[in-house]
Amino acid sequence: MSEPSAAAGIRNLDLLGIYCNDHLAAATGGIELVSRMLGRWRGDRYEAQLAGLLDELREERSGLRATMAALGLPVRQYKQIASWVGEKLARAKLNSYLLSRSPLSDLVEFEFISTAVLAKRAGFETLLEIAAVDDRLDAELLGRLIRQADKQHDWLADARREVAANIFGGRPGPADAAAGS
């Protein structure tokens, strides 16, 4: 366990490095997944939103890298590579569609990226807390990324429910209606 950084007020900088590298690896996996989803939906209803999401995810990854650099945290390339390989291996799931894409794949992908956006948001919230004790972090950027993640999740929740209704039936509506709000 590391000692508190006297200059910065951050405790456990080594653990923060692990935490940030884990989020950076997840960002790499998310970018790969959304790239694949964009290929699936090219010329179709979700193309524009997925293209925008992909741009935002790349920007967020850059912001996380800049945050890590500002704190002097090294990027662990092996985690980036493992995430990239893991996303590629996830494509080889076993289902009854050996030579074609299962309709269920669309739903699983939207569910996964929707959940990943929530985890990413939590990471930005954690970094925002740290910004309160270390001015090397850009609190304004982190606040903007949190709001961006909220918008991403709202859209993904709606899209996920539409995809589910197309597969299984039902009448998708806005996410707040589905939650009973």
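Reply:
**The core and its helices**

From the N terminus on, the elements run α-α-α-α-α-α. The protein has 6 helices and 0 strands; helices (H or I, at least four residues) and strands (E, at least two) are DSSP runs, numbered from the N terminus. This is a predicted model, in which local features need pLDDT of at least 70 and side-chain atom pairs count only at pLDDT 80 or more, while totals for chains, interfaces and linings use all residues. Residues are numbered from 1 along each chain as its sequence is written, and side-chain values use heavy atoms, with hydrogens and water left out.

Of the 181 residues in the protein, 39% are buried. Buried means under 20% relative accessible area, exposed over 50%, and partly exposed in between, with a 1.4 Å probe and protein chains only. In soluble globular proteins, nonpolar side chains tend to be buried together.

A nonpolar core is a set of buried Ala, Val, Leu, Ile, Met, Phe, Trp, Tyr and Cys residues joined through side-chain atoms within 4.5 Å. The largest one here has 21 residues, and Y46, L50, L53, F110 and W155 touch the most other members. Two or more residues of this core come from each of α1 (13–41), α2 (47–71), α4 (103–131) and α5 (139–168). Apart from this core lies another, of 17 residues, including C20, L127, L137 and L141.

Leaving out residues up to four places away in sequence, Y46 touches W41, F110, W155, A159, E162 and V163. A contact means heavy atoms within 4.5 Å. Among contacts in the protein with a separation of 6 or more, 70% are between residues 24 or more positions apart.

The axes of α4 and α5 are 8 Å apart, at an angle of about 165 degrees. Axes are lines fitted to C-alpha atoms, for helices over the stretch in contact, and angles run from 0 to 180 degrees between N-to-C directions. The angle therefore makes α4 roughly antiparallel to α5, a label for angles over 145 degrees. The contact of α4 with α5 has 24 nonpolar, 4 polar and 7 charged residues. In this count Ala, Val, Leu, Ile, Met, Phe, Trp, Tyr, Cys and Pro are nonpolar, Asp, Glu, Lys and Arg are charged, and the others, Gly among them, are polar.

In α2 there is also G63, which counts as buried because its relative accessibility is 12%. The C-alpha atoms of G63 and D138 are separated by 9.4 Å, although these residues are 75 residues apart along the chain.

Conventions: Angles under 35 degrees count as roughly parallel, over 145 as roughly antiparallel, 65 to 115 as roughly perpendicular and the rest as oblique.
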